[in-house]
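The sequence and the structure are shown first.

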Amino acid sequence: MKLIAYVDESGLPTRCSTFVVAAVWKLVPPSVSYYQLGAAALLRAARELGMERARELKYTAARRRGWEAVGRVVEEIAREFQIDYEVLHAEGPSDRLRALVAVARRLVERARGAEVCVLVIDEAPLDADALRRTLKALVGGCDLHVRMKSSRKVAGLQLADLVAGFVRERYLKGSANAR
């Protein structure tokens, strides 16, 4: 089996701000591509939000459709994929890596038995090689592939963006029991 995880963030890892890293993931047969996984779910989400013509589905645009509508879409995503996230009261840019490692550690624990682990991370100011080295120690026997991609090109990253934005806003509204 292969673990494919799409990872995005919401907020900025600056002093005294709420920062979220969210992962939308699934165990799939080895032949499934990270480009194709999530495409059907993204089409359903865009349809549900009335945003079929948008070039990219982003939380900031989707939330204008209403809190409840975005909540329903996130529930639909959670029915098809596993979701994990880390919410931090950020102190600085190093919190980006700390949150990402925390999420990756839980992903690997929950997906024991995956021969290949593909982490697709939305483009962020991270050193991909340093990140790969840090995560390699966590995954053990899993063949790790870390990809930094644009969410415009990868449907699963758009799903992760919706989830990260929703979790952050829910947390800020005081409903921190989102797990």
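**Helix 3 and helix 6**

In this predicted model, helix 3 (residues 67-80) packs against helix 6 (residues 155-172) at an angle of about 125 degrees, and the two axes lie 10 Å apart. An angle over 145 degrees would count as roughly antiparallel, and one of 65 to 115 degrees as roughly perpendicular. Helix 3 and helix 6 are therefore oblique to each other. The crossing of helix 3 with helix 6 is left-handed. On the side of helix 3, the contact involves W67, V70, G71, V73, V74 and I77, which meet L159, L162, V163, F166, E169 and R170 of helix 6. Sorted by class, the residues of this contact comprise 9 nonpolar, 1 polar and 2 charged.

**Helix 1 and helix 6**

Helix 6 also packs against helix 1 (residues 39-49): their axes come within 8 Å and cross at roughly 50 degrees. Helix 1 and helix 6 are therefore oblique to each other as well, and helix 1 passes helix 6 in a left-handed crossing. Helix 1 contributes A39, A41, L42 and A45 to the contact, while helix 6 contributes A155, Q158, L159 and L162. Of these residues, 7 are nonpolar, 1 is polar and none is charged.

**Helix 1 and helix 3**

The axes of helix 1 and helix 3 come within 10 Å, with a crossing angle of roughly 160 degrees. Angles over 145 degrees count as roughly antiparallel, and helix 1 and helix 3 are therefore roughly antiparallel to each other. Helix 1 passes helix 3 in a right-handed crossing. The contact joins A41, R44, A45, E48 and L49 of helix 1 to A69, V70, R72, V73 and E80 of helix 3. Its residues divide into 6 nonpolar, no polar and 4 charged.

| Helix pair | Crossing angle | Axis separation |
|---|---|---|
| Helix 3 and helix 6 | about 125 degrees | 10 Å apart |
| Helix 1 and helix 6 | roughly 50 degrees | within 8 Å |
| Helix 1 and helix 3 | roughly 160 degrees | within 10 Å |

A41 and A45 of helix 1 take part in the contact with helix 6 and in the contact with helix 3. V70 and V73 of helix 3 meet helix 6 and are also part of the contact with helix 1. In helix 6, L159 and L162 meet helix 3 and likewise belong to the contact with helix 1.

The largest cavity holds about 80 Å³ of space. Its lining consists of V7, D8, E9, V21, R96, L100, I121, D122, E123, A124 and L126. Strand 1 (2-10), helix 4 (94-110) and strand 4 (116-122) each provide at least two lining residues. Strand 1 gives the most, with 3 residues. By class, the lining has 6 nonpolar, no polar and 5 charged residues.

Note on methods. Residues are numbered from 1 along each chain as its sequence is written. This is a predicted model: local features need pLDDT of at least 70, side-chain atom pairs count only at pLDDT 80 or more; totals for chains, interfaces and linings use all residues. Side-chain values use heavy atoms; hydrogens and water are left out. Axes are lines fitted to C-alpha atoms, for helices over the stretch in contact, and angles run from 0 to 180 degrees between N-to-C directions. Helices (H or I, at least four residues) and strands (E, at least two) are DSSP runs, numbered from the N terminus. Angles under 35 degrees count as roughly parallel, over 145 as roughly antiparallel, 65 to 115 as roughly perpendicular and the rest as oblique. A crossing is left-handed if the near helix is turned anticlockwise from the far one by less than a right angle, and right-handed if clockwise. Contact means heavy atoms within 4.5 Å. Ala, Val, Leu, Ile, Met, Phe, Trp, Tyr, Cys and Pro count as nonpolar, Asp, Glu, Lys and Arg as charged, and the others, Gly among them, as polar. On a 1 Å grid over the protein atoms alone, a cavity is a set of points where a 1.4 Å probe fits but cannot get out, and a pocket is an open set with protein on both sides within 12 Å along at least five of seven lines; lining residues have an atom within 4 Å of a point. Grid points are joined across faces, edges and corners, and a volume is the space filled by probe spheres set on the points.
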